[in-house]
Every structure is written in C-alpha cells, then in structure tokens.
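Visitor: I would like to learn how to read a model of this kind, feature by feature. Could we take the structure shown below as our case?

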Amino acid sequence: PSPSPSPSPSPSPSPSPSPSPHTSYDAKGRVKLAGCYHNGLGVAADVDRAIDLLEEGIRRGEPESFGDFGVMCANGCGRVPRDLARAREFCGKAVEMGFEGAKAPLAWIEAELLRSGSV
C-alpha cells in the first residue's frame, strides 16, 4: 500500500499568503508569532494571519505548526472549520515528527472522536 498523503492546511483566501517580514523566522518563532496574532498579544488580533503563519510552517515541514494547526482544527478557528478527523491527522503528524506538545491534544481529540462515535 502506498503511504497516505500528508494532511494539507485549509485553502487560503489567496493562492499563497502575501510576503511578510516574518517569513524568515525559525519554526518556534513562527509558532509563537502565530499565537500572538491569534490572541492579540503585542499585535492587533488577526486570526487569518495566524493561520497563514501556521500554513507556511506546514509547507516547510515544521512539527509545531502541524500541532498548532491541528488544535485549530479541533476547535474551529477563523476560516478553519471544526473537524476532529482532520485535527487528528495534523496532531498525529506532529507527534510522528517528534513534537511532544501535540500528544495531549491528540489524546483529547481521540477521546472526543470515540465519545462521538466517529472513529
């Protein structure tokens, strides 16, 4: 059997996010900056910008971006609809890539899927 494709982020409103001075940040910096935009910490809240940063990290193969995007899928956030199956894919990929921080959200997502009978 062929390997399953990597989960892909939600479609962006435009084919690719607009260039930003933040594109050279490392993975941890990108995830932290996404959190700042998501929560309005030190910058004006901009959920779409937070999603764009995480999608950029996913394209670059950054485990933390997969994990944080999975949490967004689990909760539904901005243009990312609530989708527990998709959340499981992203958090699962983050764990496979070695991001320990995605283990707890993945366990919660699995429990929610079991509780809802969606497994």
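Visitor: Which residues of H2 are buried?

Guide: Before the list, a word on the source: this is a predicted model, in which local features need pLDDT of at least 70 and side-chain atom pairs count only at pLDDT 80 or more, while totals for chains, interfaces and linings use all residues. Residues are numbered from 1 along each chain as its sequence is written, and side-chain values use heavy atoms, with hydrogens and water left out. Buried means under 20% relative accessible area, exposed over 50%, and partly exposed in between, with a 1.4 Å probe and protein chains only. By that rule the buried residues of H2 are Arg 49, Ala 50, Ile 51, Asp 52, Leu 53, Leu 54, Glu 55, Glu 56, Gly 57 and Ile 58. These are 10 of the 13 residues of H2, so this helix is largely enclosed by the rest of the structure.

Visitor: What do the buried residues of H2 pack against?

Guide: Packing is read from contact, which means heavy atoms within 4.5 Å. The buried residues of H2 pack against helix H1 (27-39), helix H3 (63-75) and helix H4 (84-96).

Visitor: How are the elements of the chain defined, and in what order do they run?

Guide: Helices (H or I, at least four residues) and strands (E, at least two) are DSSP runs, numbered from the N terminus. Here the chain has five helices and zero strands, and the order from the N terminus is α-α-α-α-α.

Visitor: What span is expected of H2, and what does the model give?

Guide: The expected span of a helix is 1.5 Å times one less than its number of residues. H2, residues 47-59, reaches 18 Å from its first C-alpha to its last, close to the 18 Å expected for its 13 residues. H1 agrees with the rule as well, its end C-alpha atoms being 18 Å apart where 13 residues should span 18 Å. H3, with 13 residues, reaches 19 Å, close to the 18 Å expected.

Visitor: Which residues follow H1, H2 and H3 with a positive phi?

Guide: H1 is followed by Gly 40, with a positive phi near 70°, and H2 is followed by Gly 61, with a positive phi near 75°. Just after H3, Gly 76 takes a positive phi of about 80°.

Visitor: Which residues are buried in H1 and H3, and what covers them?

Guide: As a general point, an α-helix has 3.6 residues a turn, so residues three or four places apart point the same way. In H1 the buried residues are Gly 29, Arg 30, Val 31, Leu 33, Ala 34 and Tyr 37, and what covers them includes H2 and H3. In H3 the buried residues are Glu 64, Ser 65, Phe 66, Gly 67, Phe 69, Gly 70, Met 72, Cys 73 and Ala 74, and their cover includes H1, H2, H4 and H5.

Visitor: What does the side chain of Glu 64 make a polar contact with?

Guide: A polar contact is a pair of N or O atoms within 3.5 Å; within protein, one must be able to donate a hydrogen and the other to accept it, and residues adjacent in sequence count only if both atoms are side-chain atoms. The side chain of Glu 64 makes such a contact with the side chain of Lys 28, at 2.9 Å. Glu 64 has a relative accessible area of 17%, so this residue counts as buried. Leaving aside its neighbours within four places in sequence, Glu 64 is in contact with Lys 28, Val 31 and Phe 99.

Visitor: Which residues of the largest nonpolar core touch the most other members?

Guide: A nonpolar core is a set of buried Ala, Val, Leu, Ile, Met, Phe, Trp, Tyr and Cys residues joined through side-chain atoms within 4.5 Å. Of the 26 residues in the largest one, Leu 54, Phe 69, Met 72, Cys 73, Val 80, Phe 90 and Ile 109 touch the most other members. H1, H2, H3, H4 and helix H5 (103-116) each supply at least two residues of this core.
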